[in-house]
Amino acid sequence: MVKHVILWTLKEEYNETQKAEIKQGIKEGLESLTGKIPGLVDICVHTAGLPSANVDLMLDSTFENAESLKGYATHPEHVAVADGKVRPHTATRACFDYEV
């Protein structure tokens with residue numbers, strides 16, 4: 001199994017109401033990929049960090065193997081969500097992939 005964790009910070013130009021709407025859209029978009037991507041075992045977007053958090057949201061996903069993760073990156077359903085809901089609104093992205 002492979003874990004794929006992403007941390008994002010939203011662009012500073014958004015107010016808190018806009019950020020909440022954007023985070024909800026990202027969560028709904030990415031979590032809707034369940035059952036659509038071969039090898040995707042689990043996907044969850046966390047949007048309610050504690051005050052000590054220094055990022056706005058986190059993707060926590062699990063794949064059957066590294067090859068499945070590679071396929072996810074280019075899968076049209078994922079690309080549509082990434083290009084439509086994530087990339088236009090994020091300022092920073094950090095990724096950590098590891099085997100479990």
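This is a predicted model: local features need pLDDT of at least 70, side-chain atom pairs count only at pLDDT 80 or more; totals for chains, interfaces and linings use all residues.
I started at helix 2, where a side-chain oxygen of Asn65 comes to within 3.2 Å of the backbone nitrogen of Glu67. Helices here are DSSP runs of H or I with at least four residues, strands are runs of E with at least two, and both are numbered from the N terminus.

Residues are numbered from 1 along each chain as its sequence is written, and side-chain values use heavy atoms, with hydrogens and water left out.

Next I asked which residues of helix 2 (residues 66–74) are buried. I found Ser68, Leu69 and Tyr72. Buried means under 20% relative accessible area, exposed over 50%, and partly exposed in between (1.4 Å probe, protein chains only).

Then I looked for salt bridges (a side-chain nitrogen of Lys or Arg within 4 Å of a carboxyl oxygen of Asp or Glu). The whole structure has 3. In one of them, Lys3 pairs with Asp60, with the closest N and O atoms 2.7 Å apart. Lys3 sits in strand 1 and Asp60 in strand 3, so the pair ties together parts 57 residues apart in sequence. Both Lys3 and Asp60 are buried.

Lys27 bridges to Glu31 at 2.8 Å between the closest N and O atoms.

Terms used. A polar contact is a pair of N or O atoms within 3.5 Å; within protein, one must be able to donate a hydrogen and the other to accept it, and residues adjacent in sequence count only if both atoms are side-chain atoms.
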